[in-house]
Amino acid sequence: MIDFEPDRPRWQQIADVLRTRIGDGEYPPKYLVSEVRLVQEFGVARDTIRKAIRQLRDEGLIYTVPNLGSFVSPPTDAEPAEN
């Protein structure tokens, strides 16, 4: 668990942690982001985890497949491929 800041919503703080894990490669592309595991890790309600995942999905860092779960999105190429 983390020490939550009292002046920011917990879902935002969890989204920050997940964003860092994705950026650092701890969560590689297509990694399953398990709501159940995150609920246990952070000690929060499932709805709180869902808000964090929704934020990352809106940012394009995570995609959700109905009935399968949420996964880390593959990186997008900012530069065109060389010939």
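**Ground rules.** I number residues from 1 along each chain as its sequence is written. Because the model is predicted, I take local features at pLDDT of at least 70 and side-chain atom pairs at pLDDT 80 or more, with totals for chains, interfaces and linings over all residues, and side-chain values use heavy atoms, leaving out hydrogens and water.

**Overall layout.** I looked up the secondary structure and found three helices and three strands. Helices here are DSSP runs of H or I with at least four residues, strands are runs of E with at least two, and both are numbered from the N terminus. The pattern along the sequence reads α-β-α-α-β-β. I noted a C-alpha trace spanning about 50 × 30 × 20 Å along the principal axes. Of the 83 residues, 29% are buried (under 20% relative accessible area, with exposed over 50% and partly exposed in between, using a 1.4 Å probe and protein chains only). I also looked at contacts (heavy atoms within 4.5 Å) between residues at least 6 apart in sequence, and 49% of these join residues at least 24 apart.

**H2 against H3.** I took helix H2 (residues 35-42) and helix H3 (residues 46-58) next; their axes come within 9 Å and cross at roughly 115 degrees. That makes H2 roughly perpendicular to H3. The axes are lines fitted to C-alpha atoms over the stretch in contact, and angles run from 0 to 180 degrees between N-to-C directions. Angles of 65 to 115 degrees count as roughly perpendicular, under 35 as roughly parallel, over 145 as roughly antiparallel and the rest as oblique.

Which residues of H2 meet H3? I listed Glu35, Val36, Leu38, Val39 and Phe42 on the H2 side, and Arg46, Ile49, Arg50 and Ile53 on the H3 side. By class, the contact has six nonpolar residues, three charged and no polar. Here Ala, Val, Leu, Ile, Met, Phe, Trp, Tyr, Cys and Pro count as nonpolar, Asp, Glu, Lys and Arg as charged, and the others, Gly among them, as polar.

**The sheet.** I found an open sheet of three strands in the order S1-S3-S2, with antiparallel pairing. Strands S1 (32-33) and S2 (62-65) stand at the edges with a single partner strand each, so one side of each has no neighbour in the sheet. Two strands pair if DSSP finds at least two bridges between them. For S2 and S3 (residues 69-72) I noted four bridges and an antiparallel run. Tyr63 has Phe71 in S3 as its bridge partner. S2 and S3 form a hairpin with three residues between them.

**Positive phi.** Asn67, in the turn of the S2-S3 hairpin, has a positive phi of about 70 degrees. At 85% relative accessibility, Asn67 counts as exposed. Lys30 lies in the loop between helix H1 (10-24) and S1, and Lys30 also has a positive phi of about 70 degrees. Is Lys30 buried or exposed? Its relative accessibility is 60%, so Lys30 counts as exposed.

**After S3.** I ended with Thr76, placed in the segment after S3. At 74% relative accessibility, Thr76 counts as exposed. Thr76 and Tyr63 are 13 residues apart in sequence, and their C-alpha atoms are 13 Å apart in space.
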